[in-house]
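Here is a short report for a first look. Keep the sequence and the 3D view side by side as you read.

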Amino acid sequence: MSLIEITEVKKRFGDNEVLKGINIDVEPGEVIAIIGKSGSGKSTLLRCINGLETIDEGSISVAGAQLLPDELHLKALRLKVGMIFQQFNLFPHLSAGKNVMLSQMVVKKTPKAEAEEMAKKMLERVGLGHKFDAYPDQLSGGQQQRVAIARALAMEPIALLCDEITSALDPELVNEVLAVVKELASEGMTLLMVTHEMRFARDVCSRVVFMHMGRVHEIGRPEDVFANPKTPELKQFLGMQH
Amino acid sequence: MNYAFDYGWLLEYWPVLLKGLAITVELTLVGGVFGVALGVACAWARALGPKWLRPIVTTYVEMIRNTPFLIQLFFIFFGLPSLGVRLGELEAANLAMIINLGAYGCEIVRAGIQATPKGQFEAGASLGMSRIQTFWYVVLIPALQRIWPALSSQIVIVMLGSAAVSQIAAEDLTFAANFIQSRTFRAFEAYFVSTAIYLALAIALRQMLRGLGWSLFPKRSGR
Amino acid sequence: MNEFTDWDILRNLLLAARWTVALSIVSFIGGGIVGALLLLLRIGEGRAGQIFTKVYIELFQGTPLLMQLFLAFFGLGLFGIDVPAWLAATVALILWTAAFLVEIWRGCVESIAKGQWEASSSLGMGYLQQMRYVILPQALRIAVPPTVGFSVQVVKGTALTSIIGFVELAKAGTVLTNATFQPFTVYGFVALIYFCLCWPLSKSSQVLERKLNVAHRNH
């Protein structure tokens with residue numbers, strides 16, 4: 001059984017069908033890059049896996065936990081997959097440390113001392129141990145995104161979803177975030193990331209999914225996908241990147 | 001509660017209510033038009049007018065916004081005659097409403113003016129327009145468009161506040177309700193019916209102002 | 001006839017102003033409590049609660065406060081109790097205040113970015129947890145200036161209770177005018193006292209708002 005099973009997933013916004021039957025199975029430890037033009041449905045797919053969008057047809061399961069729209073199933077699922085957002089979405093009224101502690105304490109009921117311990121460890125892991133008491137507005141974009149990663153990691157998920165996590169960053173801040181992700185990948189974390197960083201996808205990912213008009217248009221190992229695009233759409237997409 | 005509601009008096013007294021409603025509408029119309037005009041003038045004075053005028057307008061605005069309408073009304077109607085200014089009930093009511101809306105309107109319109117990009121003033125100046133011309137032709141309409149919803153709400157608030165003018169014997173809708181209850185001893189019913197009329201008037205006024213906004217400020221592209 | 005000095009007038013008005021202050025405080029706090037309960041219904045998931053609060057707000061914001069005072073005064077009387085003016089005044093002002101506060105606060109809650117809801121969802125928080133730990137702490141901060149600003153409307157609103165016979169500042173003004181025949185002086189003083197009560201509130205609302213805007217620029 002795969003870790004994440006996405007089967008025949010369809011999603012409509014009104015008359016607009018943005019996902020037209022998606023099938024992807026993700027094995028434990030895989031790092032998957034989802035690429036494609038804007039509007040191809042890649043972000044929507046990621047948001048569906050976390051239950052931020054409901055699906056109209058098909059099924060998604062993560063380590064046996066089914067995605068169902070009631071609060072109990074959603075919570076079970078969200079404890080297994082963390083999500084990192086393009087806009088970081090740190091809680092502005094809480095310090096970096098408290099950002100990482102909050103959900104441990106209120107969702108998992110972890111005692112405060114333990115949550116603090118974990119928060120310190122996770123901030124250390126993303127290289128921000130010294131920023132425990134800093135507030136989000138005192139941090140750079142890259143630092144904020146690393147806190148967001150620490151916050152997700154503190155819930156001990158078995159997979160992480162990354163939704164264009166470097167797109168809102170100034171170019172010089174992109175690498176510090178990617179370095180953290182690369183580190184996670186090497187430690188065996190399962191990762192699904194929507195990204196525009198083609199070089200990163202080529203170097204780090206085990207598989208690349210090219211989405212086009214709501215479908216998985218091509219899927220394969222990065223060396224195949226990037227070196228030998230089979231369809232004209234992927235050729236055109238890769239050509240645009242340079 | 002064993003009280004029998006009785007609306008039989010409506011048959012006899014509806015013309016009284018109608019007359020009161022007409023006065024309320026008239027007060028709102030006059031107060032609305034002149035109050036907005038005064039508000040625009042004061043907003044101009046405060047934001048762009050001559051330096052000496054600004055503290056005067058600021059004082060006026062702060063005085064009005066920080067005292068109850070009822071007291072403003074009493075001051076105009078009962079207080080001013082000792083200065084030799086004697087006004088009828090309706091004149092006093094109209095004046096009080098204009099002055100009241102003018103102060104709130106000033107603040108609302110000023111917020112709209114302040115949100116105008118600086119480039120608009122500079123563009124006007126670079127085309128050789130005077131400050132007043134720039135204000136009138138370039139700044140004012142987009143500013144009004146921006147704050148129209150807030151201004152509309154304020155006009156509705158002033159209309160509802162006009163119920164107080166019954167206290168200087170201006171014969172508005174509330175005055176009519178008071179009159180009817182003193183004749184019929186059906187206080188609750190009289191106020192209930194007039195409250196319902198106010199509610200209908202508020203809803204209608206809001207719709208009218210929205211429609212007016214659409215016709216005054218037709219949607220332009222890029223907005 | 002003129003045994004009233006200006007000082008006599010002012011002293012009597014100030015004594016009456018205590019009731020204006022008391023009524024304002026009770027109405028504001030009571031309105032805040034009712035408003036908070038209505039807010040839970042308004043932004044909650046239940047359809048019935050949403051519709052109820054919408055109608056409530058429309059009724060209280062769409063009719064004159066003076067009419068609400070009359071209806072409270074004569075409406076409570078229908079239950080056979082002899083309603084004192086202060087009771088009718090308090091009830092009406094609390095309900096009226098709540099209708100405005102709930103709308104102000106709803107605006108604050110809705111101004112919190114969608115990402116905050118999504119991030120806290122993705123961390124497994126339920127609706128109540130999101131509200132309590134993420135949304136409300138932020139909304140509360142931005143709600144302070146407009147809430148303080150609205151307290152000015154409450155203070156001014158209490159003037160209308162004089163019409164149903166509650167003896168506060170405005171009523172004292174009327175009584176003193178009838179006794180002294182000096183409406184200009186009396187209403188001038190009355191206005192001045194209201195101004196002294198309201199202006200600090202208006203001003204602090206503006207200052208708080210400016211502070212908040214400065215703090216926001218750092219984000």
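## A strand and its neighbours

Strand 7 of chain A and strand 8 (residues 190-194) of chain A pair in the parallel sense, over five bridges. Strands pair if DSSP finds at least two bridges between them. Strands (E, at least two residues) and helices (H or I, at least four) are DSSP runs, numbered from the N terminus. A:Leu160 stands opposite A:Leu191 in strand 8 of chain A. From strand 7 of chain A, the chain crosses through helix 6 (residues 171-186) of chain A to strand 8 of chain A, a right-handed β-α-β crossover. Right-handed means that, with the strands pointing away from the viewer, the path from the first strand over the helix to the second runs clockwise.

Strand 6 (residues 81-84) of chain A also runs parallel to strand 7 of chain A, joined to it by four bridges. There, A:Ile84 has A:Cys162 as its bridge partner.

## Burial

Five of the five residues of strand 7 (residues 159-163) of chain A are buried, so this strand is largely enclosed by the rest of the structure. Buried means that 20 or more other C-beta atoms, placed from the backbone, lie within 10 Å of a residue's own. A:Leu160 and A:Cys162 point one way, and A:Ala159, A:Leu161 and A:Asp163 the other.

## Where chain C meets chain A

In chain C, 17 residues are in contact with 20 residues of chain A. Contact means C-beta atoms, placed from the backbone, within 7 Å. Helix 5 of chain C gives the largest share of the chain C side, six residues.

## About the model

This is a predicted model: local features need pLDDT of at least 70, side-chain atom pairs count only at pLDDT 80 or more, and totals for chains, interfaces and linings use all residues. Residues are numbered from 1 along each chain as its sequence is written, while chains are lettered from A and ligands numbered from 1 in the order in which they are written.

Technical notes:
Buried ≥ 20, exposed ≤ 12 C-beta atoms within 10 Å, placed from the backbone. Contact = placed C-beta atoms within 7 Å.
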